[in-house]
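Subject: Structure handover

Hi,

Here is the structure I promised to pass on to you. Have a look at it first, and then read my notes below.

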Amino acid sequence: MSNSIKVIHEGQQLEIAAGSTGFELFTSKTIVASRVNGELKDLAHKFADGDVVEGVEISSQDGLNILRHSTAHVLAQAVQSINPEAKLGIGPPVTDGFYYDFDVVEPFTPEDLRALEKAMDRIIRGGQRFVRRVTTDADAIVELANEPYKLELIGLKSGNQDVGEGAAEVGAGELTIYDNIDPATGDTKWRDLCRGPHLPNTRMIGAGFALTRVAAAYWRGNEKNKQLQRIYGTAWPTKDELRAYQERVEEAAKRDHRRLGAELDLFSFPEEIGSGLAVFHPKGGIIRRVMEDYSRQRHEEDGYEFVYSPHITKSNLFETSGHLAWYADGMFPPLQLDEERDENGVVRKQGADYYLKPMNCPFHILIFKSQGRSYRDLPLRMFEFGTVYRYEKSGVLHGLTRARGFTQDDAHLFVTPETMEAELTNVLNFVLDLLRDYGLDDFYLELSTKEEGNPKFVGDDAIWQSATATLEKVATQSGLELVPDPGGAAFYGPKISVQARDAIGRTWQMSTIQLDFNLPERFDLEYTAADGSRQRPVMIHRALFGSIERFFGVLTEHYAGHFPPWLAPLQVVGIPVADAFSEYLHGIVSQLREAGVRVTVDDSDDRMQKKIRNHTKDRVPFQLIAGGEDEAAGAVSFRYRDGRQENGVPVAEAIERILTAIRNKEQV
RNA sequence: GCCGACUUGGCGCAAUUGGUAGCGCACCGCACUUGUAAUGCGGGGGUUAGGGGUUCGAGUCCCCUAGUCGGCUCCA
């Protein structure tokens, strides 16, 4: 009987005393937990013979989650210390922080947050230990009799039901409670149903936390359930890291397209028009028009045909497509034309409901059906900047990225099963190539597939399989990371979506390429095959920008308003050092204007420094400054948005440099 | 849609416990004519999102509507 055990740590076998824990093994103060045979455990967990163990650094992803989850517990303790009637929901870590849900009579206010932060600070300074205790369902039900939501979680666990994403309270295996023990007295100050692990004590949370906002959230994420009050917070190993995080948040706020849209005079959402309906101002209009023009040009080169369709249609179209049955809530209510009858009660004019279109596909389908189609006509690629209207719920509207009226760069490709793979490959490459031209170049793909056994998915299994396999093949060939999204397919077919990371690392879903077996069936689409038989085409729905407005918003944030010269509303501004040099600058500027550059000379009464400031704030890519020295040398001086300057550039070279940057879609 | 907060001249903000709206930028005018992020002086502009109520009196309190923001749910 040995009183020592052997464990493997960092590839080395160590002999340690039986009953040893992470406290003995890991000396670094930045280690907050143990990983034992791949599983996270408290530092207080006792190792067993043969365990493979390692320390979890607080700054690792697992370490941060543990820190944040422990901070959530401290928050909950603080809430109940101030309001003992508050009932606990769940409190998991999330990206950059944590939240905890509470059922309270009065919602929290921002002032409450400050008071709670102080109370948390006291708990943290108290150095309470987090102590794990195994319990049973029966005991826990008694102990947590005053916590109805915890009881529900215990019930779900016993019933082996999924608790829902993010719940850290109960997991597979033992039911555990964490006690917060006062180190001085040994008293239990607070407890929570939790599977852990936790920091060894609250002191490790330190000063790197902050409560950020309050919000309501449905219990267990279900709209039918009661709303609880959620408090969000953030937590970091050090106060410096907290500050850095807060600065990142501020940086993101500065890039917010809604803010830049107003500052740069690009677009607005006049209240008089209605929620989620934007108008583009002249400057935003230039950017949008250039975006669209280039897209048109590329589509034309790639064999797309341009079509147009009206904004409203009689209801039958969306009855056939199935949208009225499935998604009527997402559509604006109809314009109703009343039936007219003559004096004999005979219908003189039939009534009709006209709907604003929430999508363009049925129109393109009607164009397909306008004549008999041969396999020789396929693939048929129809493209339209189609403006659609969707009655988004008021709470989800968000600037240009979630609006009620927006324009899709929508294409529908009608293909034969034989050409499907080649066409998909082509479309994906086309999409990625074009996105790169707009300055996005960091992508991954998501493959959304059918959920087996779910009856909502229509269409033949064999087609699903071959289509999914084809999409997967095409996606894999792109060489990009491919993330599976099982069950995420639309009911009518699988899809690939292109996710793009922007300049500050956020990801946006951009393009989608969807296969559709449903609409060809519903609209009874056919073409004549080479052998004379009637065949059903497959439809590919493809939006590249998704919505132009949304893409515009994403690009605005990606560039933080510093659009590359080819997109910038004003590409060049001339700034004379003094009025005397205005004429000289006009001479240069007129050459640029003749070459199609958007350019002006600032002849206002402002001083040069003020003009530089104004145009820098306006994000004009090229400021051309000229004074006596430049004029004497036949040169001009460049100043860029970031303050860089290059003086004495010969005029011809300056013009060429500007034209080259625009032509090549360079960023400056 | 749900919960909460918010809504003051074009923009950003002020207005002690309710006592009849101020500032900066922008705008207009005048003067100044200057080498790399704000020249000076003067002027115009709001009845405080809209509507209703309490009060001697409301930007400040209450109610309704609209809109915005943060979340939740949703996103064909």
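Before we get to the sheets, one term: two strands pair if DSSP finds at least two bridges between them. Helices (H or I, at least four residues) and strands (E, at least two) are DSSP runs, numbered from the N terminus.

Please keep in mind that this is a predicted model, in which local features need pLDDT of at least 70 and side-chain atom pairs count only at pLDDT 80 or more, while totals for chains, interfaces and linings use all residues. Residues are numbered from 1 along each chain as its sequence is written, chains are lettered from A and ligands numbered from 1 in the order in which they are written, and side-chain values use heavy atoms, with hydrogens and water left out.

The whole chain

Chain A holds 19 helices and 35 strands, and its C-alpha trace spans about 90 × 85 × 60 Å along the principal axes. Of its 668 residues, 49% count as buried (under 20% relative accessible area, with exposed being over 50% and partly exposed in between; 1.4 Å probe, protein chains only). Among the contacts (heavy atoms within 4.5 Å) with a separation of 6 or more, 66% link residues 24 or more positions apart.

Eight strands make an open sheet with mixed pairing, in the order 16-22-23-30-27-26-24-25. Strand 16 (305-306) and strand 25 (482-486) are at the edges with a single partner strand each, so one side of each has no neighbour in the sheet.

All 11 of the 11 residues in strand 23 (residues 405-415) are buried, so the strand is largely enclosed by the rest of the structure. Both of its faces are covered: Gly405, Thr407, Asp409, Ala411, Leu413 and Val415 point one way, Phe406, Gln408, Asp410, His412 and Phe414 point the other way, and all are buried.

Strand 23 pairs with strand 22 (residues 380-389) in the antiparallel sense over 10 bridges; here Glu384 has Asp410 of strand 23 as its bridge partner.

Helix 15 (residues 548-559) lies across strand 22, strand 23 and strand 27 (507-516), at about 150 degrees to strand 27. For these angles, axes are lines fitted to C-alpha atoms, for helices over the stretch in contact, and angles run from 0 to 180 degrees between N-to-C directions.

Another open sheet has five strands in the order 2-1-5-3-4, with mixed pairing. Its edges are strand 2 (12-17) and strand 4 (39-41), each with a single partner strand, so one side of each is left without a neighbour in the sheet. Strand 3 (residues 31-36) runs antiparallel to strand 4 and is joined to it by three bridges, one of the pairs being Arg35 with Leu40 of strand 4.

Best wishes
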